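Please report on the overall fold and on one helix pair. Keep it brief and give the cut-offs.

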Amino acid sequence: MCGIVGYIGKHEAAPIILEGLSKLEYRGYDSTGMAIFDGEKIRIKKSAGRLKVLEELTHGGATMPGVAGIGHTRWATHGVPSDVNAHPHYNEEETIAVVHNGIIENYIPLREKLMSKGYKFTSDTDTEVLAHLIDYYYKGNPLEAITKVMHRVQGSYALGIIFAEHPDQIFAVRKDSPLIVGQNEDGCFIASDVPAILKYTRKVYFIENQEVVRLRADHMHFYNVDEEELPKEPVTIDWDADAAEKGGYEHFMLKEMYEQPKTVTDTLMPRIKDNDIVIEELGMSDEEIRAIRKIFIVACGSAYHTGVTAKYIFEGAARIPVEVDVASEFRYRKPILEEGTMVIVISQSGETADTLAALRESQKLGHKVLGIVNVVGSSIAREADNVMYTWAGPEIAVATTKAYSAQLIALYLLAMKFGKVRGTLAEAEFGSMLEDLKRLPGQIERLLANKERIQRFANRYIGAKDVFFIGRGIDYAISMEGSLKLKEISYIHSEAYAAGELKHGTISLIEEGTLVAAVATQDSLFQKTLSNMVEVKARGAFVLAVTNEGNTDIEKAADYCIYLPKTNQWFTNSLAIIPLQLFGYYVAVGKGCDVDKPRNLAKSVTVE
């Protein structure tokens with residue numbers, strides 16, 4: 001959530017900051033701003049609304065000269081979206097400017113203390129407290145003032161700070177909110193995420209918790225909270241820079257949907273060797289895998305839905321009992337993690353606050369954690385005992401598509417690996433599943449090629465008010481993800497239900513013309529789901545069916561059918577999700593919604 005970009009170097013800072021912020025729009029925001037030192041003082045421009053408003057206010061940065069500055073896209077937590085509440089925030093003398101991602105939990109007592117000292121506040125934000133608190137401790141040494149603030153402040157924060165008395169420096173600070181720094185021959189950068197500075201440098205430094213960076217035009221120094229200098233090695237980012245651009249597609253979301261065959265291949269093929277699954281980063285011996293008694297999968301949003309799918313596969317193929325938890329609930333129910341429990345946390349960004357907290361809680365209870373993440377060097381990647389990367393590349397659209405597909409593949413591989421090692425998955429079945437996995441990228445391409453047919457269907461439901469998704473077993477898991485895709489980008493109310501639960505209340509909501517999307521890919525449950533389709537159709541529903549090729553009986557109960565290529569029963573979600581993603585996308589486009597940046601949503605939820 002939110003975005004920070006800073007620059008100090010040989011070139012004008014404002015255009016670089018604006019461009020960097022544009023690469024972070026996917027993170028979700030409602031206001032923007034910049035602070036630039038112009039040679040005399042720190043000038044701030046900020047505004048509620050989209051980044052283009054700030055670009056127009058500053059004529060693309062031309063009206064804010066200076067070679068050092070910080071910028072911000074804000075997602076409101078304290079105080080409504082407004083010009084006043086937008087970042088950056090000043091101290092009263094306008095000699096210190098701060099941008100902040102995160103939440104200051106003890107900002108109220110700090111604010112009261114500062115007010116008792118005569119400080120005046122102009123905004124409703126928790127961030128303005130930081131600007132005044134730094135001012136309170138500042139006696140000419142920026143580093144000393146910043147570290148004193150770090151000792152006083154509770155909560156999460158990534159900060160960019162500039163001082164008028166030290167125009168040749170900018171400072172970056174991190175605790176529980178992501179922040180990186182980078183350098184090239186022309187200057188130094190700070191950013192919330194790699195895409196913001198990928199154009200300028202591929203060598204980045206990941207700032208750890210409770211660390212401060214002092215950046216000058218030609219070098220940077222790292223410190224801990226006790227002002228002791230720290231050594232730091234850069235990480236080389238090997239993303240193709242074009243991967244963070246639209247590449248001719250109308251939206252990032254559409255581009256990323258079309259990247260799914262490659263994403264699946266990249267996540268899958270390096271781990272298949274000599275007709276076996278080799279997951280070197282797992283860090284577990286066969287004896288340790290056999291000793292697993294239970295698995296907890298902890299995640300949020302779409303990643304949680306991949307965990308629901310994985311539960312069926314782990315229990316079916318490896319015969320390991322699995323609990324799947326929404327990360328925001330995991331810690332607070334005091335989970336019982338007995339000996340032999342394995343914890344898997346899943347996050348695209350690797351920065352999801354609730355998932356990161358669940359990881360730390362599990363480790364505190366004495367259990368090793370496997371992280372499945374997409375972003376190299378992210379917090380979860382660094383803190384998990386072992387990490388399995390999904391290799392999806394940068395995902396810019398807020399609504400995940402290719403990262404979701406990559407997470408499914410990682411979980412399939414794990415479940416199959418565990419099943420084979422534990423002897424619960426026969427050699428012949430393992431080999432057959434491996435061949436089905438290899439066919440998935442080509443099958444996904446076939447489904448994507450059918451987009452025009454799905455687009456025509458979606459155009460009929462642009463005006464829908466309510467849509468229901470139903471399924472049984474793994475099909476229920478994919479119904480949850482299909483429903484989420486539709487609601488988050490089109491703003492149409494949508495719910496997913498286990499099909500057998502319809503008669504327990506939900507069927508009362510079905511009326512003439514209500515769209516019900518029924519997923520029926522599991523042969524053992526096909527007839528039961530067919531009966532549920534008949535029930536809703538009898539009450540006036542229009543039924544969209546997603547099923548396997550050959551299941552033509554479904555046409556008796558469905559008004560519109562989408563057929564999927566044949567694959568293993570446990571892999572059908574990798575195929576069923578494609579038409580559901582396309583459906584949600586084309587409904588949202590037809591409504592004129594901002595598909596890549598849905599209202600009120602952020603790509604990386606870094607606050608609880």
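This is a predicted model: local features need pLDDT of at least 70, side-chain atom pairs count only at pLDDT 80 or more; totals for chains, interfaces and linings use all residues.

Residues are numbered from 1 along each chain as its sequence is written, and side-chain values use heavy atoms, with hydrogens and water left out.

The protein has 18 helices and 27 strands. These are DSSP runs numbered from the N terminus: helices are H or I of at least four residues, strands E of at least two.

| Property of the protein | Value |
|---|---|
| C-alpha box along the principal axes | roughly 75 × 55 × 45 Å |
| Buried residues | 61% of 608 residues |

Buried means under 20% relative accessible area, with a 1.4 Å probe and protein chains only.

Among contacts between residues at least 6 apart in sequence, 72% join residues at least 24 apart. Contact means heavy atoms within 4.5 Å.

**Helix pair**

The axes of H7 (residues 260-268) and H14 (residues 427-448) come within 8 Å and cross at roughly 170°. Axes are lines fitted to C-alpha atoms over the stretch in contact; angles run from 0 to 180 degrees between N-to-C directions. H7 and H14 are therefore roughly antiparallel, a label for angles over 145 degrees.

On the H7 side, Gln260, Pro261, Val264, Thr265 and Leu268 make the contact. Their partners in H14 include Leu437, Lys438, Pro441 and Glu445.

Note on methods:
Angles under 35 degrees count as roughly parallel, over 145 as roughly antiparallel, 65 to 115 as roughly perpendicular and the rest as oblique. Buried means under 20% relative accessible area, exposed over 50%, partly exposed in between (1.4 Å probe, protein chains only).
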